[in-house]
Every structure is written in C-alpha cells, then in structure tokens.
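This report describes selected features of a protein model. The sequence and structure are shown first.

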Amino acid sequence: MGIIIKNICKSFAKQAVLENLSLTVGKGEFHVILGPSGEGKSTLLGIMAGLIQPDYGDVYIRHQRVNKFAPEKRKIGFVFQNHALFPHLTVYENIAYGLRARGINGKKIIKIVAHYLKLVKLQELHNRYPFQLSGGQKQRTAIARALAFEPDALLMDEPLSHLDVLERERIRDELKRIQAATQVTICYVTHDHSEAAALADRISILHRGRIEQVEQPEDIFYHPKTAFVAEFVGADNVFNAELVRANGDTTTFNLNSPELTGQLEIEARTYPVFAGKTEQKLCLHPEKIVVSHTSNGKNSFLVRIIDVVPQGAVFKVTGEISGLKLRAVVPKAAFKINSHTEKSWFCFSPDALHPLCGRSCRAAISQRACNNPKFLL
Amino acid sequence: MDKSPKVDQMETKQFTLFDILLTLLTVIFFAFIILVFLMLFTAVSANQLLRQLSSPLVLASIRISLQTSLIVVCLTFFFGFPVAYLLSLKTFKGREFLDSLIDLPIVLPPLVSGLALLILFGGDGMIGKILGHWDIRIIFSQKGIICAQLFVSAPFFIKTVKESIAAIPKEIIAASATLGASSFYTFRRLILPLSKNGILAGLAMTWTRAMGEFGATSMVAGCIPGQTETMTIGIYMNAMSGNLEAAVAVGIILLGFSFISLLILKIRFKRSYGYHY
C-alpha cells in the first residue's frame, strides 16, 4: 500500500480545515485529490509530507506510521505549485540536491541525474539557472528533483496551475508518461476537473474538509453521489423530484425545483434506492442531453435557448422551460442555431438520469446500494 | 522566462506641478547635505591634511578604531547570526519581545547605552565585579570600546540578516526538507548562500556604525590618547581643544571610509537572483 490517512483532523485558528478525513492511496496509483480552492487540499498534502502536523489522526507510508517523522525522514517527494527551485543552483544541481543531502557518492549522482534529465527532456538545459527557464521547464526540473532520490510517493500541489494552457497540456502528458515509466505512487492536488480526469487512476473529491467520493474518473463524472460532486464535476442539471409512479423498469417523477413555474414530468430508470421514498435528487449529465429540432418521445422538452457558449469542440447550451434551466453540452458539428431566442428540443433517455444518493459508501458502482437490487431495503 | 513588461520599466515623461515641487524640495535637501560635506574639505589644505595624518596620535586613533571595529564585526557575526536565524525562521514564545529588544540599542541614545554599560562593567557592576577577580578591566580599556561598539552596532547586522533570511520563500526551505536535507544541510546549502548579500550588507553596516560610534564608547572607554582614543573621540577632543586641523583631518578619513563602504555595498551586493524560482 502507498499512503494511508486515518481520521485526520486539522484546524487553523479554531477553524476546522480537515475533519476526520481518511484516505487510501494504492501503491503505484495516480491519485488525484480534487476540490475547490480553500478546502484543505494543500493542508492534506502538507500533513502527508510532514510539513504540517495534524491535530489528530495517523499517516502511514508503506505500512509504517510516520506521524513523528520529520519531512526529511519520510522519503516523500514534493512538487510545489510555484516549483520552489533553488534559485542559486543550476538545473543539474537542483536535481542532485536530494542525492547529495542523502550522502550518495559523486559518480552515482552523475548517473542518476543524467537519467532524470533525460526522463524530463532537459539534457540540453542542465547548466541553466531557474530564472533562465520557462514555466514548463521549471516544473519539469521540480519533478525530476523530487523523483531523483526514488521516493516512496510523490506529492504534487497544483503543479500546473502557473502554466499556460499549451504548456499545461504538454506537462500533463509528460507526467502521465513519467508515472508509467517510474511506477511511482502519485498523490496530486488540483481544482481543475479536466486535469483530474486526464491524469487520475482514482479521484477523491474533497469538500468541507471531508472526502465526499472516491472513484475512478469515469464514475466520478457520470455517477456523482452528491449534489456538490455533481455540480463540481460539471453535471450541472440536479433536480429535486417527486415520485409519481413506478412502471417496472422506469419510474415517473414530477420535478419540483423551486424555480419551476409549471409541471414537468420525467421518466428515469428504476433504481433500488427509489423504493419507499417519495422525494429524490436526480442528476442529468449535460453530455447526455441531445439537442434536436424534433421530439424524441419520452423525456423530450421544447426549451427556449437562452445561452450558447463555445468551448473548444463543443457548445455549452442553456435552455429554459417553465423557469427551469437545463444545460447541455453538444458537439459543434451537431448544433446549428440561428438566434438565441430559437426553440429546440432537449431530449434524454431515462437511463441518463441517476439518483444522488448522498451516501458516503466507498463501494464500486456495481456494488452500491443505489445500484444493486440485493441491497434493496 | 518572464516576458511581461515590468512596471519599473515604464517611464513618465510629463512633469506635473506636484513633480516640480517634489524636485525642488529634493534639490534643497541634497544641497544641504553636499554643503555640509564640502565645508569639511574647505577647512584644511592638502598640506595640513597630510601633516595631520602623519601625527602619531592621529595614526594611533585610526589604528584603535580599525582594530576594535574589526573585532566587533567578527563578534557580531558569531553572536548575531544565530539570533537572526532563530528570529526569522523559528516560532517560539517571546519571539516578538526579543525582536523588539534588538531594536532598542538602535533607538536608545548612545550616551544612555554607555551609561548602562559603565554601570554593568564598572568596579561595582554586576559583571565588572566578577571580572575584577581575574584582573580583567573593561572600563577605560579597548575591551570597553569593543563592548560599546558591539552593543550599539550589532542590531544593524541582526536586523539586516533577519530580513534577508525571512525573504527566502518558505517553500524553498520546505522543498529542501522533503528532499531529505537536515536542518544543518539546509542552512549550509540554502540559507547561507541565499542570505549572503544580507550578511555582507549587515557586516558592512555594522563596521561603519562601529567606526563612527562615539557616545557609548566615550562613556565606557574615556579618551586616553593612544590607548582608548578612537577616531570619533579624537575628532571631539581636538575640536574642543581648538585643534580644528586635526579634527577635520580625521573627519575626512571617516567620511571617505563611510562613503566608500556604502558605495561598495550598493554596487556589489545588489540581490542577484531575486526569487525567480
């Protein structure tokens, strides 16, 4: 096992930042901690590295309790948001720093540094000082420096946030390649969900000092369990719904969101959690809405298009029906609209809707109470 | 590399009435400063200056000043650096109090500092009594000069170095720890080189201040010609006894010394890296 965090609590000036937080990062896993700014992500990394002392709880690295170990005794690499390169040392000396500090002999250092310079493609720039490097080159130096002493795990605190878009994508790809080559356990903090989706083996969503959901990216994005996770990962359409009738495979709901002025009936696939409840929170991923000029039958709504925002290869389309806003993401090629006041059909299958159970279960999707009939109450 | 335009590279070419007023006041201020210095040079001829500089008493005062101030610089480094390090990097109870205490010798009138030192090291003083058992005499000796100069000038070093260490980003020090470096290794490989300019600037300021010390030194060491008469005390004694020629000669040397050391500081010890890490 890589890193285990057990019941960590941390407050600053009587303000709780982390509350009874537990987390397991598997060996060789690329684990991303995703959450909004100011939710304690960096504090959590600081606690793992030994830079911050928790008020309560334990940290285990490779099954060893390291609470009382100073940062230099933990064998954990750390990549900081602002690179934190040593300004008076060259790229080569920055990478060699950890090796020299650990008393490794000169010949070995030359070999190791050459290997990591090659890994991060900085052989040509080994004599440069940090102020002579671009943001991406600095970050690659910081990654090589943190990896050179072969740490048990690598912690990365929003390492790409200071880079421009192109550089960010380039380093992101390189990071994936480096992780595959070194098989190092990575715990990576970010507030950017697209970055998390591109990098992670598993994602933990941190909210108000707690982990709200730990899942593979696909499951986090398409099966969020709470309204917060749904909205944070971009599944903007979250409804309060009142159960009307169960029709076997499908269940009919009346939407009762406060902004709704009329009555809207939708059909969802029947989930075990629907049993015995009249109120339900449902989530509809914007990508699962089809925008069309004709009705598709069930779950088809004629909406007034109020906003169209181009975003890369897609449009983010907002439609309104009876005061309720629905957001869809459609490929640019599949969407043609002449005016923002035009009406279109928003259609989605009953399978596109899923319940936000809000439970803090850690089971895989197939094992979840909300999905599996054997847990039916 | 940072390609964005720097604010300090932008120039404003238009002068407003406010700018003209500021310029006028600046000119008056500098005229005053330059006039004061010029007067010193007009008071003696080159021949008089050379004659005074070869006088044994003037030479002795220069020797005593250089000797004591250089010892003070060494002592300041060895005692002051740990203080600056602890005050800038460690958090502990009473840190604020100690920090304020460092400022006290800077704002305290040197005569009051001298008086306190006189009481402490005098024959009946707390330390004076103890040292008396081993026949060590601080008052009216060069040791007294060193004590007075150390008390008055060491805070300049501590303050400069403290600010220099505190300016090192905390992430850099944290990065060093996560890379496996011990506190001493971090000190040797990071803190020392990154605060080098602050250390050198602090030492230069301490030296300049020690050379120019008068109030506390005269209280503790008196003014025994050839023994405890430093350059500043020599200037005072000569000026009071009407020997303006000798006073001005030593004054010019001190002025030159101060000016050159400040100039070297400005040119040589500009921060070279910034923290573009």
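The model is predicted. Within it, chain A contains 8 helices and 20 strands. Along the principal axes, the C-alpha atoms of chain A occupy a box of roughly 75 × 50 × 40 Å.

Chain A has 377 residues, of which 54% count as buried. Among the contacts in chain A with a separation of 6 or more, 65% link residues 24 or more positions apart.

## An open four-stranded sheet

In chain A, 4 strands form an open sheet in the order β2-β1-β4-β5, and the pairing is antiparallel. The edges are taken by β2 (15-25) and β5 (64-65) of chain A; each has a single partner strand, so one side of each is left without a neighbour in the sheet.

Within β5(A), Arg65(A) is the residue opposite Tyr60(A).

## Strand β11(A) and its partners

Strand β11 (residues 237-247) of chain A pairs with strand β14 (residues 279-284) of chain A over 6 bridges, in the antiparallel sense. Here Ala241(A) stands opposite Gln280(A), which belongs to β14(A).

Strand β11(A) is also joined by 6 bridges to strand β12 (residues 250-255) of chain A, and this pair runs antiparallel. The bridge partner of Ala246(A) in β12(A) is Thr251(A). With 2 residues between them, β11(A) and β12(A) form a hairpin, and Gly248(A) in the turn has a positive phi of about 80°.

Helix α2 (residues 91-101) of chain A is mostly covered, with 9 of its 11 residues buried. The buried set includes Val91(A), Tyr92(A), Ile95(A), Tyr97(A) and Leu99(A), and also Asn94(A) and Gly98(A).

The packing partners of these buried residues come from both chains: α3 (106-119) and α4 (135-147) of chain A, together with α8 and α9 of chain B. Just after α2(A), Gly103(A) adopts a positive phi of about 75°.

## A buried loop residue in chain B

Val44(B) lies in the loop between α1 (17-42) and α2 (46-53) of chain B. Is Val44(B) buried or exposed? Its relative accessible area is 12%, so Val44(B) is buried, the cut-off being under 20%.

Leaving aside residues up to four places away in sequence, Val44(B) touches Leu49(B), Glu245(B), Val248(B) and Ile252(B). Val44(B) and Ile252(B) are separated by 208 residues in sequence, while their C-alpha atoms are 10.0 Å apart in space.

## Cysteines

How many disulfides are there over all chains? The count is 0. For Cys347(A), the closest cysteine sulfur is that of Cys283(A), 18 Å away, which is too far for a bond because a disulfide requires sulfur atoms within 2.5 Å. Cys347(A) is buried, with a relative accessible area of 3%.

In chain B, Cys223(B) is likewise in no disulfide, and the nearest cysteine sulfur, that of Cys147(B), is 18 Å away. Cys223(B) is partly exposed, with a relative accessible area of 32%.

## Pocket and cavities

The largest pocket has a volume of about 560 Å³. Its lining comprises 17 residues, and those nearest the centre of the pocket are Leu89(B), Lys90(B), Ile173(B), Ala174(B) and Ala177(B). Two or more lining residues are given by each of α3 (56-89), α8 (170-178) and α9 (183-194) of chain B, and the largest share, 4 residues, comes from α8(B). By class, the lining of this pocket has 9 nonpolar, 5 polar and 3 charged residues.

The model also holds 2 cavities of 30 Å³ or more. The second largest cavity has a volume of about 30 Å³. Residues lining this cavity include Phe239(A), Leu255(A), Leu264(A), Ile266(A), Phe301(A) and Phe348(A).

Definitions and conventions:
Residues numbered from 1 in each chain as written. Chains lettered and ligands numbered in written order. Predicted model: local features only at pLDDT ≥ 70, side-chain atom pairs only at ≥ 80, totals over all residues. Heavy atoms only, no water. 1 Å grid on protein atoms, 1.4 Å probe; cavity = no way out; pocket = protein on both sides within 12 Å on 5 of 7 lines; lining within 4 Å. Points joined across faces, edges and corners; volume = space filled by probe spheres on them. Nonpolar A, V, L, I, M, F, W, Y, C, P; charged D, E, K, R; others polar. Buried < 20%, exposed > 50% of the residue type's maximum accessible area, 1.4 Å probe, protein only. Pairing = 2+ DSSP bridges. Contact = heavy atoms within 4.5 Å.
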